[in-house]
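Here is a short briefing on one protein chain. Keep the structure open and find each residue as you read.

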Amino acid sequence: MLQGKRIIIGISGGIAAYKSLILIRLFKKAGAEVRVVTTENALWFVTRVSLESLSQNKIYDKVFGPENDYTTEHISLTDWADCVVVAPATANVIGKLANGIADDALSTSLIAFDKKIFIAPAMNCKMFDHFAVQRNLSFLKENDIEIVEPASGYLACGYEGKGRMEEPEEIFARVQHFFSAQDGALKGKKVLITAGPTHEPIDPVRFVGNYSTGKMGFAIASELAQRGAEVTLIAGPVSLPTPPGQINRIDVCTADEMFVAASRAFPGMDAAILTAAVADFKPALTAPQKIKKNDSLPEIKLVLNPDILASLGKAKKESQVLAGFALETDNELANAQKKLKDKNLDFIVLNSLNDAEAGFGGDNNKVTIIDNKNHISGFELKSKKQVAVDVVDKLSQLL
Ligand code: CTP
């Protein structure tokens, strides 16, 4: 996806500049071409030799000079590039860009650039919170500049707070995401998603259910829509807004309702990813009135719900791609491989409840993707948004 893309990495003078070396390597490894533009101060933190060795290009740090190819290198360079990533971006460089100031190689290049710009701020938390910096960042956002928000934590100045540059891997993922969305690799593809829990009524006020919030499925639906897919999103009872884009949302409550909606939609789909935490069991009978406490203690007989994924696996045509999730607490890999085979899937996304911070409810997840050729890719703990990127990348490959 980044193969052959032309990327300018802009580096300004902050201690986080050492992380930009890692960023350059990530882009080079992904097959991108990298040119580096620095401020004068950036070269206090990283050396010209390191930057030139890693990028395999000479750096651009002076608007005018005998070493430049043209006296208007800021124009030829910015014509060449597909995107600019400023990491780290100091309060100074953010201020210059927001105010149209062009007085060195980096600020001049930014003003000359009319394509996508990413800004990864890095500074002391008091500086980051300053009203002028916040106003400048808001203005840049309004003008379609993507701000990779800094993280909170220990800062080089000894303060704890928001201002630490986001990790290179996260900045890289944001750029990768931009290009994959731009390439519109899934344009016109029809994809079915199930998401959230199902609620199986015991009586009009109680149900059998689980802790799923639907965040993972909604993140995948959003990612697909951003890449041009036409998404049918069958959602169990969740309190999430429908993400923007071409998403046809069908709200259901029970596994039976989800089963009917998914079975109806699937024949017209190119692919389906079933993320829903379907309740495996439902009460055999639903009481028509609320069961009162003073009645005798109720015995609730449970019966099996339909397995939606297995049913779609049986109906699957050669041209369709079908994927599921497996949430496991023990013997994770073997259980997921068994589900992949039994349900006739093309790939399965395994998450383990043993991984701290991953799973139901939270914003992060840690997954392993296993395909039907038994290729296994393990990913580190990431935001659900980023996990969605990995899952949709896998689907794109198979489609
Ligand atoms: N799934 C489904 N319908 C069900 C149960 C599960 O479509 N009735 C799908 C889920 O959406 C998920 C996958 O099957 O994509 C695996 O779900 P999981 O709960 O991990 O596995 P089960 O098949 O229910 O097996 P078990 O609960 O025994 O682990």
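Leu2 touches Ile7, Phe27, Ala30, Gly31, Ala32, Phe172, Gln176 and Phe179, leaving out residues up to four places away in sequence. This is a predicted model. The protein chain has 13 helices and 21 strands.

**The chain as a whole**

- The C-alpha atoms fill a box of roughly 90 × 50 × 35 Å along the principal axes.
- Of the 399 residues in the protein chain, 50% are buried.
- Take the contacts with a separation of 6 or more: 66% of them join residues 24 or more positions apart.

**Leu2 and Ile11**

- Leu2 sits in the segment before strand 1.
- Is Leu2 buried or exposed? Its relative accessible area is 2%, so Leu2 is buried.
- Leu2 and Phe27 are 25 residues apart along the chain, and their C-alpha atoms are separated by 7.6 Å.
- Ile11 belongs to strand 1, which covers residues 6-11.
- Ile11 has 0% relative accessibility, so it counts as buried.
- Beyond residues up to four places away in sequence, Ile11 touches Ala17, Ser20, Val36, Val37, Thr38, Thr39, Ala42, Leu51, Ala87, Pro88 and Leu106.
- Ile11 and Lys338 are 327 residues apart in sequence, and their C-alpha atoms lie 48 Å apart in space.

**The nonpolar cores**

- The largest nonpolar core has 31 residues. Ile193, Ile220, Leu224 and Val231 have the most contacts inside it.
- Elements that give two or more residues to this core include strand 8 (190-195), strand 11 (230-235), strand 16 (321-328) and helix 13 (384-398).
- Which element gives the largest share of this core? Helix 9 does, with seven residues.
- Ile193 is in contact with Gly217, Ile220, Ala221, Leu224, Val231, Thr232, Leu233, Ile234 and Ile273, setting aside neighbours within four places in sequence.
- A second, separate core has 29 residues, among them Ile7, Ala42, Leu51 and Phe179.

**Helix 9 against helix 13**

- The axes of helix 9 and helix 13 come within 8 Å and cross at roughly 55°. Because of that angle, helix 9 is oblique to helix 13.
- The crossing of helix 9 and helix 13 is right-handed.
- On the helix 9 side, the contact involves Lys215, Met216, Ala219, Ile220, Glu223 and Leu224.
- On the helix 13 side, it involves Lys384, Lys385, Val387, Ala388, Val389, Val391, Val392 and Leu395.
- By class, this contact of helix 9 with helix 13 has 10 nonpolar, no polar and four charged residues.

**Helix 10 against helix 11**

- The axes of helix 10 (residues 255-265) and helix 11 (residues 308-315) come within 10 Å and cross at roughly 20°. Therefore helix 10 is roughly parallel to helix 11.
- The crossing of helix 10 and helix 11 is right-handed.
- Helix 10 makes the contact through Ala255, Met258, Phe259, Ala262 and Ser263, and helix 11 through Ile308, Ser311 and Leu312.
- By class, the contact of helix 10 with helix 11 has six nonpolar, two polar and no charged residues.

**Helix 4, an enclosed helix**

- Why is helix 4 (residues 91-99) largely enclosed by the rest of the structure? Seven of its nine residues are buried.
- The buried residues of helix 4 are Ala91, Val93, Ile94, Gly95, Lys96, Leu97 and Ala98.
- Their cover includes strand 3 (83-89), helix 5 (105-112), strand 4 (116-121), helix 6 (125-129) and helix 7 (131-142).

**Backbone points to check**

- Most residues other than glycine have a negative phi, and most peptide bonds are trans.
- The peptide bond from Ala87 to Pro88 is cis, with omega near 0°. Pro88 lies in strand 3.
- Gln56 is not a glycine, and its phi is positive, near 60°. Gln56 sits in the loop between helix 2 (48-55) and helix 3 (73-80). At 60% relative accessibility, Gln56 counts as exposed.
- Asn344 is not a glycine either, and its phi is positive, near 55°. Asn344 is in the loop between helix 12 (332-342) and strand 17. With a relative accessible area of 38%, Asn344 is partly exposed.

How values were computed. Residues numbered from 1 in each chain as written. Predicted model: local features only at pLDDT ≥ 70, side-chain atom pairs only at ≥ 80, totals over all residues. Heavy atoms only, no water. Core = buried A, V, L, I, M, F, W, Y, C linked by side-chain atoms within 4.5 Å. Buried < 20%, exposed > 50% of the residue type's maximum accessible area, 1.4 Å probe, protein only. Helix = DSSP H or I, 4+ residues; strand = E, 2+ residues; numbered from the N terminus. Contact = heavy atoms within 4.5 Å. Axes fitted to C-alpha atoms, helices over the stretch in contact; angles between N-to-C directions. Parallel < 35°, antiparallel > 145°, perpendicular 65-115°, else oblique. Left-handed = near helix turned anticlockwise from the far one by under 90°. Nonpolar A, V, L, I, M, F, W, Y, C, P; charged D, E, K, R; others polar.
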